[in-house]
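User: Hi! Could you walk me through this model once it's on screen?
Analyst: Happy to. Here it is.
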2 protein chains.
Amino acid sequence: MLSAEIIAVGSELLTPTKTDTNSLWLTEKLNEIGIEVKLKTVVGDDRARLEETMRDALRRSDIVITTGGLGPTEDDITRPISALAIGRELIYHEELVEDLRIRFRRWGREMPEINKRQAFVIEGAKILPNPNGSAVGMSVAVGDKFFVILPGPPRELKPMFEAHVLPDLKKSAGKIVVRRRILRVSGIGESAVDEAIAPIYKTYGTVETSILFNRSEIEVNLAAKAESETEAEKTLEELAGKIVEQLGIAVFATNGELMEEIIGKFLTESGKTLAVAESCTGGLIAERLTDVSGASAYFMEGATTYSNEAKTRTLDVSGDLIKAHGAVSAEVAEAMAKGMRERAATDYAISVTGIAGPNGGSEEKPVGTVFIGYADESCVKSLKLNLPGDRYLIRWRASQAALDYLRRQILKTQSETAK
Amino acid sequence: MLSAEIIAVGSELLTPTKTDTNSLWLTEKLNEIGIEVKLKTVVGDDRARLEETMRDALRRSDIVITTGGLGPTEDDITRPISALAIGRELIYHEELVEDLRIRFRRWGREMPEINKRQAFVIEGAKILPNPNGSAVGMSVAVGDKFFVILPGPPRELKPMFEAHVLPDLKKSAGKIVVRRRILRVSGIGESAVDEAIAPIYKTYGTVETSILFNRSEIEVNLAAKAESETEAEKTLEELAGKIVEQLGIAVFATNGELMEEIIGKFLTESGKTLAVAESCTGGLIAERLTDVSGASAYFMEGATTYSNEAKTRTLDVSGDLIKAHGAVSAEVAEAMAKGMRERAATDYAISVTGIAGPNGGSEEKPVGTVFIGYADESCVKSLKLNLPGDRYLIRWRASQAALDYLRRQILKTQSETAK
């Protein structure tokens, strides 16, 4: 099995607030083709330490990947230091500068002179194009080692690695492959999930199973090792099937999909439409739904009715109802869903009203009190939740609970129709 | 100034799902007493690599801290390898075993024999008690270097470090402290910011400045070293002031604030209100604004008018206007802002309509074409943008551009009123 080391470059990664996430993604990609990550380093804009780290890594491991430090400014030192570490020259590529000038012009700006620094490439290295940024990457064989230099921003690094590095690595990697699969579960706790499915996954010796709690859901991570992709996928398919059989509709995704993608799939397949009325989630549900490409086919309208006046004006929730029960109540949640559905003339509408905190709680309705409303052509109902966490988490969990409530209603309707 | 390296030990930290968070906490604690972290390493249960990493770190840096790998099982190798790396013996401490036996009995269990491994301590090392777990830590002077060995679980590591390591480090750390500050800049590129402010920050030898591009804005990170907090803060204040003077209103935050917090501050101070009409951002702007606690004082209502019908129904944008110019046009953006402001009776309204992709683009209006609309009591206007990136980035950048457009309009109005 080939070994790899990852070096993340950048002083900001040595501060208390920034962490290197690229290496997690790279590790996954490397593992998938049977390459093991043996060491990860984070080094700042420190020339001596970076050079030594690169030299050590190339001595110890088959593949060395650096991320970051390719920007145009003086503290971006990866380019010169990597050339130094392997004893090669940097060659100036005029065509890269031309390309950059054109791109800057397209963005309506002149290319600053210092961006010329990004046109220097290690002698003999393959240039890795960067459609999403100004820094090209490089890959170069150093004896029997493979040295890869990537930009830091994930949106530049990921497509570059997949298009221009992975194919080369696949050629030299060994026969064991690892395939991963994520199942997502809502409405059951971490230990209950584990108790229910441990007797199943423990019979699969070639699959590593881990169970993680993730903001609002349980993730069941499966990693299967096999001698071929087909074999690994077959094992995953079989194990995932048994887990779904055991946990039932609590499993909302069997292939890593997000809740909003699952909702989108249901609505697209059935040709139904949706509208959303939000108070404490402040637009988060609409934002999540419309983050899915193609949402315009089923998502018609969203209303963030933050003030009481907006609830009355836009959702036709009567002022008397708000006065009688409070804006955070089952009655108002239901009236919001009903009003939204009528306004937008959709098949479904969901609503959320609650107290996200940190202020606004009372003894009767503490921070975390949330009501979810639901309306379709034949019924209007609601659900009360007491959500733990800070403002961010309460909002997130409320959005997830509302989408899950909708999912369960849709499934219920489907199974009733099927009868 | 003393330098430190942190070595996280454990194969689980080299998987795609686990990340080392101890080092962030340790970095913060070390920075506070003026110790700079120069390098971080994650190494698995690999004897040769761990020994080499420890030796290298002790040669390069004043303080070396390892975390993890102190458990009782065979793959917990930190104890023997750290002794090897500094050429000392491990000494068996019977009293530690006795202590463990008592603790296990208190938990209602007999101590497993393998826990005896945790009673071996490096010759001459100070033993760091662990009230929250079975592994003691160690600290030992190696020549003029300081070597600290801590357990991995944060609830064991943190109290141990604070009670038994920090006091020793404070004595030798000397008087230097570090204070940090982040400025955020919109509407100028990374290289242009650097060109403009490099002549300023380069005159500050005690401040480390780094410039980062962050989705939609430029972050200027300042870290000032000084002999006292007051002095460090004074330097930061002075340098931040000069940077603002140079870059003008492009600097939207001088203390790490987010754009939505800055907007919230402006609106709270002036007592003005806001409503938002969104199409391609799908609720993201409302979500960001309401993520700020206290937003209900100024944020009244948001509309995600995804379909054309919703634009007409809710924002009073005429169907003829949409037919004449298209839903993605300056005219519709302005009508959306105007309609939203009138509907919600707010001081300001902003709107966004655009093509976030990946589909829906045309030659005339490619993916990334976005119009921002703005309305206040005296004017309605708009701005056209061509945003690069994928769906996620285009939506994010459109939301940021809309909030920044509002910010600049507010500043303009303020300066006109002041005249």
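User: Which strand pairs with S7(A) in the antiparallel sense over 5 bridges?
Analyst: That's strand S8 (residues 145-150) of chain A, which pairs with S7(A) in the antiparallel sense over 5 bridges. Strands pair here if DSSP finds at least two bridges between them. Helices (H or I, at least four residues) and strands (E, at least two) are DSSP runs, numbered from the N terminus. A quick caution: this is a predicted model, where local features need pLDDT of at least 70 and side-chain atom pairs count only at pLDDT 80 or more, while totals for chains, interfaces and linings use all residues. Residues are numbered from 1 along each chain as its sequence is written, and chains are lettered from A and ligands numbered from 1 in the order in which they are written.

User: Thanks! Which residue of S8(A) is the bridge partner of Ala141(A)?
Analyst: Phe146(A) is the bridge partner of Ala141(A). S7(A) and S8(A) form a hairpin with 2 residues between them, and Gly143(A) in the turn has a positive phi of about 60°.

User: What joins S7(A) to S6(A)?
Analyst: 3 bridges do, between strand S6 (residues 126-128) and strand S7 (residues 137-142) of chain A, which run antiparallel. There, Ile127(A) has Met138(A) in S7(A) as its bridge partner.

User: New topic: which residues touch the most other members of the largest nonpolar core?
Analyst: Ala349(A) and Ala349(B), in a core of 148 residues. A nonpolar core is a set of buried Ala, Val, Leu, Ile, Met, Phe, Trp, Tyr and Cys residues joined through C-beta atoms within 7 Å. A residue is buried if 20 or more other C-beta atoms lie within 10 Å of its own, exposed if 12 or fewer, and partly exposed in between, with C-beta atoms placed from the backbone.

User: And what is Ala349(B) in contact with?
Analyst: Leaving aside neighbours within four places in sequence, the contacts of Ala349(B) include Leu274(B), Val276(B), Met340(B) and Ala375(B). Contact means that the C-beta atoms of two residues, placed from the backbone, lie within 7 Å. Apart from that core lies another of 90 residues, among them Val9(A), Leu128(A), Phe146(A) and Ala125(B).

User: Which residues of helix H1 of chain A are buried?
Analyst: In H1(A), residues 22-32, the buried ones are Asn22(A), Ser23(A), Leu26(A), Thr27(A), Leu30(A) and Asn31(A). They fall within an arc of 155° seen down the helix axis, so they line one face of H1(A); the arc is that of the directions from the axis to the C-beta atoms. Their cover includes strand S1 (3-9) and helix H5 (154-172) of chain A.

User: How many residues does each chain put into the contact?
Analyst: Chain A gives 59 residues and chain B gives 58 residues. S14(A) and strand S14 (residues 299-305) of chain B pair in the antiparallel sense over 5 bridges, with Glu301(A) opposite Thr305(B).

User: Is Arg215(B) buried or exposed?
Analyst: Arg215(B) is exposed, with 12 other C-beta atoms within 10 Å. Arg215(B) sits in the loop between strand S10 (207-214) and strand S11 (217-226) of chain B.
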